[in-house]
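Please consider the protein shown below. The paragraphs that follow lead through its confidence values and then through two of its residues.

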Amino acid sequence: MASLAAHLINPVLRFQVKRKLSKASDVASIRRAFEGQMPAPRGVRFTPAVIGEVAGEWAEQPDAAPPMTLLYLHGGGFVACSPKTHRPITGGFAKRGIKVFAPDYRLAPEHSYPAALEDALAAHRGLLEQGVAPERLAIAGDSAGGGLALAVLLKAKSEGLPLPARVVLFSPWTDLEGTGASAIENAERDPMILGHRIAEGAKLYLAGADPKDPLASPLYGDLSGLPPILTHVGADEVLRDDSVRLDDKIRAAGGTSLLRIWPVVAHAWPILQLILPEGRHALDESAAFIRAAAMTPLDQAA
């Protein structure tokens, strides 16, 4: 059963975000629709850093020795947001015993595809070069960042780079062409995202590239040989079927996929975890999923 908070926050999001996005005619107006920043969890230290020549920030609990490191890629449609806007999520993981690096990857349209992928892959490679064992590394992201996390896996696999041990996705955007049935079915129910403008919004990032390029839309890629993946999505999201179809394809390819479909919640709701119980529950489950990888000794890990 959905919480009262989930029911109450949706009309606010519909007014504060979806209304603005419906009127957005340029990048500046899209970015204004995502303005505002939820406070970060207390007790977490955020430290600027450069990993793989990509600027970003660490989120961690002071004096802690977390067993897992997480590369977190923020959402924002490839055109908006930053590590700072997503501190409720990165800080939430840090509070749950995981050390997090969030790269400030380049945004479109100033830096179109594949700039974001290049930066995210460089951060992944940089963490490995700094000595983070792949068995102790996870990758996660929300919305566009979720799709980007999958693209990093596909690119790393093609280049022979070690893959992380776990993957967590929140409302991932995996199909930039916007062909999921939920884009139409949930057009009115989704309190944030406009289903009919999915493909239009992707053009700002693609800049003429094929929306079915697997490194832009991982749903169309070879999803075999990936680490275990946990995906969270809202039942009422226009992007719901980006997760449902992803789950189907991973399973068909012989992979391990866990799909959680939540009632009522809005797109990428863990960012509201300080006021939304479902956000905290999703982070609890996701952190436990990531930490479970550390239960396998390094010398016995696959």
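The term pLDDT denotes the predictor's confidence in each residue, on a scale from 0 to 100. The protein has a mean pLDDT of 95, and 98% of its residues reach 70 or more. Over residues 298–302, however, the pLDDT is below 50. Where pLDDT is low, the predicted coordinates should not be read in detail. This is a predicted model, in which local features need pLDDT of at least 70 and side-chain atom pairs count only at pLDDT 80 or more, whereas totals for chains, interfaces and linings use all residues. Residues are numbered from 1 along each chain as its sequence is written, and side-chain values use heavy atoms, with hydrogens and water left out.

The residue D142 belongs to strand β5 (residues 137–142); strands are DSSP runs of E with at least two residues, numbered from the N terminus. D142 is buried, that is, under 20% relative accessible area with a 1.4 Å probe and protein chains only. D142 has no salt bridge, a term for a side-chain nitrogen of Lys or Arg within 4 Å of a carboxyl oxygen of Asp or Glu. The nearest side chain of opposite charge, R87, is 13 Å away. The side chain of D142 does make a polar contact with that of Y72, at 2.7 Å.

The residue V50 lies in strand β1 (residues 45–51). V50 counts as exposed because its relative accessibility is 55%, and exposed means over 50%. The C-alpha atoms of V50 and R125 are separated by 12 Å, with the two residues 75 positions apart along the chain.

Methods:
Helices (H or I, at least four residues) and strands (E, at least two) are DSSP runs, numbered from the N terminus. Lys and Arg count as positive and Asp and Glu as negative; His and the chain ends are not counted. A polar contact is a pair of N or O atoms within 3.5 Å; within protein, one must be able to donate a hydrogen and the other to accept it, and residues adjacent in sequence count only if both atoms are side-chain atoms. Contact means heavy atoms within 4.5 Å.
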